[in-house]
Amino acid sequence: LFTTLLLAWRRILWVEYEANAVREFAVLEQLARLGRIGIGSLEQLGRGHLLLLQVLAGVSELLTRPRLLLNQLFSVGVLSVLIVAISGTFVGMVLGLQGYYILSQFGAEQTLGVMVAASLVRELGPVVTALLFAGRAGSALTAEIGLMKATEQLSGLEMMAVNPVKRILTPRFFAGFIAMPLLAAMFSALG
């Protein structure tokens, strides 16, 4: 009887020991998974920074071939003018209408122009322009580069000893960098 009780007690302790070991393993597994996620995020951030450095190093290519930048300024900036102008006009009109309704309740209609201008220049102009730019120009650029990758045009450039980052990405990056503030200023001015 004593040995049976001792064996049962030993089994209970062993099961409890195994349960604790499984719990500890689960905690360690969760920590390991968290570490893998953190390291993966840092790796992606590093890759993004390396691509940005390659794009910035491609400025020399733009200086020798300014036509690449001008073509991209047309496709990114000039073709986005219409949607930005129409949106800026209507956002300004709606903001003026709503602002007049609220300000007329307090007898401060004369401050409407300052309110609309300040809110467009500070807040709405850059944000809405960025959304419109990302929707129109960003999707077009993404589709164009995706098609180049799918049809192996980028590999063909590499075979001809042409750096695709300097030839393809750098002009598009700097065209967006130049066009975006101009489009935001136009949005705010038309609003």
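Biologist: Which helices are included in what covers the buried residues of α4?
Modeller: In this predicted model, local features need pLDDT of at least 70 and side-chain atom pairs count only at pLDDT 80 or more, while totals for chains, interfaces and linings use all residues. Numbering runs from 1 along each chain as its sequence is written, and side-chain values use heavy atoms, with hydrogens and water left out. Within α4, Val84, Ala85, Ser87, Gly88, Gly92, Gly96, Gly99 and Leu103 are the buried residues, where buried means under 20% relative accessible area, exposed means over 50% and partly exposed lies in between (1.4 Å probe, protein chains only). The cover over these residues, with contact taken as heavy atoms within 4.5 Å, includes α5 (112-150) and α7.

Biologist: How far apart are the end C-alpha atoms of helix α4, and why does this agree with its 26 residues?
Modeller: Helices (H or I, at least four residues) and strands (E, at least two) are DSSP runs numbered from the N terminus, and the expected span of a helix is 1.5 Å times one less than its number of residues. For α4 (residues 81-106) this rule gives 38 Å, which agrees with an end-to-end C-alpha distance of 37 Å.

Biologist: Which residue just after α4 takes a positive phi?
Modeller: Helix α4 covers residues 81-106. Just after this helix, a positive phi of about 75 degrees is found at glycine 107.

Biologist: Which backbone oxygen does the side chain of serine 80 reach?
Modeller: Serine 80 sits in the loop between α3 (66-76) and α4, and it counts as buried because its relative accessible area is 1%. Leaving out residues up to four places away in sequence, serine 80 touches Arg136, Ala137 and Leu183. A polar contact is a pair of N or O atoms within 3.5 Å; within protein, one must be able to donate a hydrogen and the other to accept it, and residues adjacent in sequence count only if both atoms are side-chain atoms. At 2.7 Å, the side chain of serine 80 reaches the backbone oxygen of valine 76.

Biologist: Is threonine 129 buried or exposed, and at what relative accessibility?
Modeller: Threonine 129 belongs to helix α5, and, with its neighbours within four places in sequence left aside, it is in contact with Leu124, Met180, Leu183, Ala184 and Phe187. Threonine 129 therefore counts as buried, its relative accessibility being 0%.

Biologist: How many Å apart in space are serine 188 and glycine 92, C-alpha to C-alpha?
Modeller: Serine 188 lies in helix α7 and, at 16% relative accessibility, counts as buried. Residues up to four places away aside, serine 188 touches Leu120, Val121 and Gly125. Glycine 92 is one of the buried residues of α4. Although serine 188 and glycine 92 are 96 residues apart in sequence, their C-alpha separation is 8.2 Å.

Biologist: Which glutamate forms a salt bridge with arginine 172?
Modeller: The structure holds 3 salt bridges, a salt bridge being a side-chain nitrogen of Lys or Arg within 4 Å of a carboxyl oxygen of Asp or Glu. The closest N and O atoms of arginine 172 and glutamate 144 are 2.9 Å apart, and the pair links distant parts of the chain, 28 residues apart, with arginine 172 in helix α7 and, in helix α5, glutamate 144.

Biologist: Which helices each supply at least two residues of the nonpolar patch?
Modeller: The surface patch consists of Leu50, Leu52, Leu53, Leu56, Phe173, Phe177, Ile178 and Leu182, with about 770 Å² of accessible area together, as given by the Shrake-Rupley method with a 1.4 Å probe, where for residues only the protein chains shown count as cover. Patches are made of residues with over 30% relative accessible area and no salt bridge, like charges being joined within 9 Å and nonpolar side chains (Val, Leu, Ile, Met, Phe, Trp, Tyr) within 5 Å. Leucine 56, a member of the patch, counts as partly exposed at 40% relative accessibility. At least two residues of the patch come from each of α1 (2-57) and α7 (164-190).
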